[in-house]
Amino acid sequence: MANAAAVTYIYKGIDSKGAKVEGEINGTSPALIKAQLRKQGIIANRVQKKPKPLFGGGKGKVKPADIAIFTRQMATMMKAGVPLVQSFEIVADGSDNQALKDLILKIRDEVASGTGFAESLRKHPLYFDDLFCNLVASGEQSGALETMLDRIATYKEKTESLKAKIKKAMTYPIAVVVVAVIVTSILLIKVVPQFAQTFAGFGADLPAFTQLVVNISDWMQANWFFALLTVVLAITGIIEVKKRNKKVAEFFDKLMLRIPILGTITYNSIAARFARTMSTTFSAGVPLIDALKSVAGATGNCVYEEATLKIRDSVATGVPLNLAMRQSGLYPTMLIQMTAIGEESGALDEMLGKAADFYEEAVDNLVDNLTTLLEPMIMAVLGILVGGLMVAMYLPIFNLGSVI
């Protein structure tokens, strides 16, 4: 029979000195909670489940960054000699994210009941992928779990840092477009109609540019909700189709690689993920063929995922890794050369780790450059849009002044 999942209880009682005490404690039932408190010298008068927040949420979500922090804390605890089950409890107590705390306690209960650490993680595939579980299993089998957790923590931290940089690079231009659209829409829906009412009393034909803006404003006033709904549905539809249709995903992944600056950032980030994942898995003793399978899923791009699987097939037939990478025609020359040096010297994991550091730094520099480049572009775009609308509105007034 499976153990019940631990939940948080609120208790009130009296301690050994007769003082009133209250607090929170994790457990599986009120009876066990009372027994646990008695061992601490507390007679519990009231034990009840901690109520959920009024507006749903409360628990939060477990993000990849949370998993990275969890892994680092577990590695630190185990290096300090803290037993595995107790490490789970300490890390859970220190977490402010209720969802993460619940996840850690579930894993603790499974491990405490005799299930292996890696096997317990496999029961939560939403948070721990095959690569994570395989590396933990390797650490358990070799008796060096604390060392392996340290490597996994470093890998996750580097990966999340790289994702944050990519997100920063993508968010900035999107924010520019969104701000420009919002400002333009407000002007067209709220400001332009005021001018249009004034122009109606002129009794003269409006300039072509002004008439165009007025027509767009009329359409926006009548169809703004339909336009907004269309945009939202289009974006949602593209995202869903990209998830379900491999050809559509390949199209967008190829397109991303061709976009100036953003394409270079994506290219370097893929190289960094390839090198970092290969370095981590290979140093953990994972066979090269199996490591390449994990690397394929970590590239984050359909084009490179397919290329990496082809590299794996070539390596399986005896082709050196660096030669298989060169034949793909997709990976940077420096990464291929460092892979070749690593294979010849027997230090492939070390060389790939250095390559990962180089490409991660390259991504960081490119993101900073993009931010610097886009700042004047934002001002230019907003200036053209707002200035263009203002010119269109004042053109009839200028023309009227020249007639007078």
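## Salt bridges

A salt bridge here is a side-chain nitrogen of Lys or Arg within 4 Å of a carboxyl oxygen of Asp or Glu. Lys158 and Asp357 pair up that way, at 3.9 Å from N to O. Lys158 sits in helix H7 and Asp357 in helix H15 (residues 348-403), so this bridge ties together parts 199 residues apart in sequence. Helices are DSSP runs of H or I, at least four residues, numbered from the N terminus.

This is a predicted model, where local features need pLDDT of at least 70 and side-chain atom pairs count only at pLDDT 80 or more, while totals for chains, interfaces and linings use all residues. Residues are numbered from 1 along each chain as its sequence is written, and side-chain values use heavy atoms, leaving out hydrogens and water.

Searching the whole structure turns up twelve salt bridges. One of them joins Asp109 to Arg108, with the closest N and O atoms 2.8 Å apart. Both Asp109 and Arg108 are buried (under 20% relative accessible area; exposed is over 50%, partly exposed in between, with a 1.4 Å probe and protein chains only). Lys158, at 32%, is partly exposed, and Asp357 is too, at 37%.

## How H6 meets H7

Helix H6 (residues 130-142) packs on helix H7 (residues 145-200) at about 155°, axes 7 Å apart. That makes H6 roughly antiparallel to H7 (angles over 145 degrees count as such). Axes are lines fitted to C-alpha atoms over the stretch in contact, and angles run from 0 to 180 degrees between N-to-C directions.

Note on methods
Helix = DSSP H or I, 4+ residues; strand = E, 2+ residues; numbered from the N terminus. Parallel < 35°, antiparallel > 145°, perpendicular 65-115°, else oblique.
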